[in-house]
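Reader: I am new to this structure and would like to learn how to read it. Please take me through some of its features, one at a time.

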Amino acid sequence: LEGALRQAIEDGSLDVAYQPLMRLEDNRLTGFEALARWTHPEHGTIGPDVFIPIAEESGLIVPLTDLVLRRACRQLHAWQGLHASLAGPTMHVNLSSKDLGHQNLFERVTHALAATGLEPRHLALELTENILMERIETALPMLAALRGLGVALAIDDFGTGYSSLAHLSSLPIDN
């Protein structure tokens, strides 16, 4: 599967699904979460619970994230051009521990934004609580730089780890 995943990333045959994010109080669309999906030519649909760990262990997670990031930014920018109601939503893209530790994360994000025309304020990068806490010391300057650029930062799966609300409130997190 690792070789097939490498090929799927290289030739762009992975799909990105967009899960709408809604504000329940007024049923307003606030954004989308970009989710990588893989349909293997022989094995059919392979869930992210299978291929994401393979990508992380094999070093493919950085190019996988880049593929999802570029496609997601391009898609939201295209939707924004279609209808005024889509001018406000944000695109959420998940980062892995390896992405957060990658020295060129800032450049990768700015390149995706520049290449697609999406404004930084329309992008939110999601980190799980556990990933953030395990890399907190090295991640803070990178997170501050991304936030300074205008990219939102979000905690995904909050409550699954051991951090406190008081500790999280000191971090450069938007939601």
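Predicted model: local features only at pLDDT ≥ 70, side-chain atom pairs only at ≥ 80, totals over all residues.

Reader: How many salt bridges does the structure hold?

Author: There are six salt bridges. To read one, look for a side-chain nitrogen of Lys or Arg within 4 Å of a carboxyl oxygen of Asp or Glu. Arg 23 and Asp 26 meet in such a bridge, at 2.4 Å from N to O. Arg 23 also meets Glu 25, at 3.8 Å from N to O.

Reader: Which residue meets Arg 108 in a salt bridge?

Author: The partner of Arg 108 is Asp 99, at 2.8 Å from N to O. Both Arg 108 and Asp 99 are buried.

Reader: How many aromatic pairs does a search of the whole structure find?

Author: The search finds three aromatic pairs. To read a pair, take the distance between ring centres and then the angle between planes; over 60 degrees counts as edge-to-face. The planes of Tyr 18 and Trp 79 stand at 75 degrees, with ring centres 5.2 Å apart, so this pair is edge-to-face. Tyr 18 lies in strand E1 (residues 15-23) and Trp 79 in helix H3, so the pair ties together parts 61 residues apart in sequence. Tyr 18 is partly exposed, at 23% relative accessibility.

Reader: What is the geometry of the rings of Trp 38 and Phe 51?

Author: Their centres are 5.9 Å apart and their planes are at 85 degrees, so Trp 38 and Phe 51 are also an edge-to-face pair. Trp 38 belongs to strand E2 (residues 28-40) and Phe 51 to helix H2 (residues 48-58), so this pair ties together parts 13 residues apart in sequence. Trp 38 and Phe 51 are both buried. Ring pairs also link Tyr 18, Phe 32 and Trp 79 into a cluster.

Reader: Which residues touch the most other members of the largest nonpolar core?

Author: That core has 48 residues, and those that touch the most other members are Leu 5, Leu 64, Val 93, Val 109, Leu 123 and Leu 125. Helix H3 (residues 61-82) gives the most to this core, with 10 residues. For one member, follow the contacts beyond neighbours within four places in sequence: Leu 5 touches Leu 14, Trp 38, Phe 51, Ile 54, Ala 55 and Leu 60.

Reader: Which residues of helix H7 are buried?

Author: A general idea comes first. An α-helix has 3.6 residues a turn, so residues three or four places apart point the same way. In H7 the buried residues are Ile 136, Ala 139, Met 142, Leu 143 and Leu 146. H7 has 14 residues and spans 19 Å from its first C-alpha to its last, close to the expected 20 Å. Ala 144 also lies in H7 (residues 136-149), but is partly exposed at 41% relative accessibility. The C-alpha atoms of Ala 144 and Pro 172 are 6.3 Å apart, although 28 residues separate them along the chain.

Definitions and conventions:
Residues numbered from 1 in each chain as written. Heavy atoms only, no water. Buried < 20%, exposed > 50% of the residue type's maximum accessible area, 1.4 Å probe, protein only. Helix = DSSP H or I, 4+ residues; strand = E, 2+ residues; numbered from the N terminus. Core = buried A, V, L, I, M, F, W, Y, C linked by side-chain atoms within 4.5 Å. Contact = heavy atoms within 4.5 Å. Expected span 1.5 Å × (residues − 1). Phe/Tyr/Trp six-rings, centres within 6.5 Å; stacked < 30°, edge-to-face > 60°.
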